Amino acid sequence: MSAVAYLTDVEGLWAKIEDFTRDNPLVQLTPSGLTLAPGATFVFGGDAIDRGPWSRRVVSALLSAKRRYGDRVVLLAGNRDINKMRLARELSGFPPARAPREVVEQGRAPLLKWIFENTMGAKRAFEMRRAELSSEGFGAAIDDEEVVRSFADDVAPGGQLAEYLAACQLAHRHEATLFVHGAVTGESLGAVPGSDHRIDDMWAKVDRGSQRLLSAAGDGDFDRRLLDSAPGVGPLVVYQAPVPDAPPSSQRRLRPSG
């Protein structure tokens, strides 16, 4: 069995990457980024962003490693990664239905802060992004609109998170081991986001589920199909966190861990 290094749920905390790579014989953190030992495979289990002050740095490091090592680096999309795809629509005139009118009327920044705190479990994400932008040399005084623009740019075609998600999978098989973000349930087994067809072969399900994510994230068409029943982004968003009245097939998911 070939050697596999596994890390998950970094959630913007760069110290987790530092701790993981310290004295790790398979994955090291060097001046050139994450470096793999010959023959090693690195699986990242999802949730790269949100709760720590270095989300952009974490995504950049993981995506760079994926581009450098190809199939030897496996990125699984977590619920915190996928749910950001909603922002393309929610920040462009289609806010969440339960967002208070007074918040929506105040503009994009108050709305985004509300979205993070009330629908994404990331109430500090807005201010942490401001601090991260400042540390990257954008200036000491980063206004609210610049922070909003940063998140919107992330999920736009060619944006950092869009590119990251296009490199992600929903599940990965390594020999006899199945890696997912969360758990496989009776409903998720054999289901593919956006399809009513169930697959009897579990490994075929893994392959098709991964391709669905690659296709949806890669075409940049986030807003038009966000929460409809067409194949693409909408079913993926529902897959990671079911919503009321969604098509039953889209409710099946690999249950996220948090």
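Me: How many bridges join strand β4 to β5, and do they run parallel or antiparallel?
Reply: Keep in mind that this is a predicted model. Three bridges join β4, which covers residues 41–44, to β5, and the two strands run parallel. Within that pairing, V43 stands opposite V74 in β5.

Me: What order do the strands of that open sheet come in?
Reply: The order is β1-β4-β5, so three strands in all, with parallel pairing. β1 (4–7) and β5 (73–75) are the edge strands, each pairing on one side only. From one strand to the next, the twist averages 15°.

Me: Which way do side chains point in a regular strand?
Reply: In general, they alternate between the two faces of the sheet.

Me: Which strands does α2 lie across?
Reply: Helix α2 lies across β4 and β5, and its direction is at about 135° to β5.

Me: And how does α2 pack with α7, what's the angle there?
Reply: About 65°, with the axes 9 Å apart.

Me: Switching topic: what joins β2 to β3?
Reply: A hairpin does, through two residues. β2 is residues 27–30 and β3 is residues 33–36; they run antiparallel, with four bridges between them.

Me: What's the bridge partner of Q28 in β3?
Reply: That would be T35.

Me: How many aromatic pairs does a search of the whole structure find?
Reply: Three. One of them is Y6 with F179, a tilted pair at 5.3 Å centre to centre, with 40° between the planes. This pair links distant parts of the chain, as Y6 sits in strand β1 and F179 in strand β7 (residues 177–180), 173 residues apart.

Me: Is F179 buried or exposed?
Reply: F179 counts as buried, because its relative accessibility is 13% and the cut-off for buried is under 20%.

Me: Then why does Y6 count as partly exposed?
Reply: Because Y6 has 37% relative accessibility, which falls between the 20% limit for buried and the 50% limit for exposed.

Notes
Residues numbered from 1 in each chain as written. Predicted model: local features only at pLDDT ≥ 70, side-chain atom pairs only at ≥ 80, totals over all residues. Heavy atoms only, no water. Axes fitted to C-alpha atoms, helices over the stretch in contact; angles between N-to-C directions. Contact = heavy atoms within 4.5 Å. Phe/Tyr/Trp six-rings, centres within 6.5 Å; stacked < 30°, edge-to-face > 60°. Buried < 20%, exposed > 50% of the residue type's maximum accessible area, 1.4 Å probe, protein only.
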